[in-house]
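Take a moment with the sequence and the model, and then read on.

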Amino acid sequence: MEAPNWLKSFMLGDVCDEGVIFSLNLDGNTYDTIRRTMTKYIEDETIIDALLCEYDITSALSPEALVERVCYLGGDVAFKIPDFQAAIAEKALFKYHFDQTSRLKNPLEGAAYHAHELLYLYGNSNNELSENELTMARGFASAWIKFTYGESPWISGEGIWKIWGPNSQQRTSERGGG
């Protein structure tokens, strides 16, 4: 599928702990129930075996480790792989990865979870941010504003990603994986 002619550029991003949003749904599952669920969507069991092996998901895992690894798999499948697929687009593409972990007192404290970067973009919790976090938040919001005005928010190119965090750091990097 080719991008429409009117599209000059687009921005996409993911966060470090994308799959953590699946953790509550996985509670109480076992290796067998996870594998059985996968067979509903993937007919070729060699692909299932390869995926489970790639993410080191085995029947010997503790329930906590099983949920953690299946969350990584789910985050990659639902969010990160589509980003990488889009990264081969013909139009100008600005890619970011948000690794800044949350200090908010909630069940996801300590994770860079799905949509956490929106607090930095919209300033919803600026009063909760440290000075370094606030500086990063301003940079993140400024990048989006530049992008919406048709400017380059950062240097982009094949394989170049803007990394926000951890520890309020900002950098660009060639990134090939999770």
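In the second largest pocket, the lining divides into 4 nonpolar, 2 polar and 3 charged residues. Here Ala, Val, Leu, Ile, Met, Phe, Trp, Tyr, Cys and Pro count as nonpolar, Asp, Glu, Lys and Arg as charged, and the others, Gly among them, as polar. The model is a predicted one, where local features need pLDDT of at least 70, side-chain atom pairs count only at pLDDT 80 or more, and totals for chains, interfaces and linings use all residues. Residues are numbered from 1 along each chain as its sequence is written, and side-chain values use heavy atoms, leaving out hydrogens and water.

You can find this second largest pocket by looking for Asp 17, Gly 19, Val 20, Ser 23, Glu 64, Val 67, Glu 68, Cys 71 and Tyr 72, which line it. The largest share of its lining, 5 residues, comes from α4. Helices (H or I, at least four residues) and strands (E, at least two) are DSSP runs, numbered from the N terminus.

What counts as a pocket or a cavity? On a 1 Å grid over the protein atoms alone, a cavity is a set of points where a 1.4 Å probe fits but cannot get out, and a pocket is an open set with protein on both sides within 12 Å along at least five of seven lines; lining residues have an atom within 4 Å of a point. Points are joined across faces, edges and corners, and a volume is the space filled by probe spheres set on them.

| Space | Volume |
|---|---|
| Largest pocket | about 450 Å³ |
| Second largest pocket | about 160 Å³ |
| Largest cavity | about 80 Å³ |

The largest pocket has 14 lining residues, and Thr 37, Met 38, Val 70, Leu 73 and Gly 74 lie nearest its centre. Its lining holds 10 nonpolar, 4 polar and no charged residues. By contrast, the lining of the largest cavity has 4 nonpolar, 4 polar and 3 charged residues, among them Arg 103, His 116 and Tyr 120.

Tyr 120 also belongs to the largest nonpolar core, a group of 17 residues where Met 11, Tyr 96 and Trp 164 are among those with the most contacts. Such a core is a set of buried (under 20% relative accessible area, 1.4 Å probe, protein chains only) Ala, Val, Leu, Ile, Met, Phe, Trp, Tyr and Cys residues joined through side-chain atoms within 4.5 Å. Helix α6 (131–148) is one of the elements giving two or more residues to this core, and α6 supplies its largest share, 7 residues.

How values were computed:
Buried < 20%, exposed > 50% of the residue type's maximum accessible area, 1.4 Å probe, protein only.
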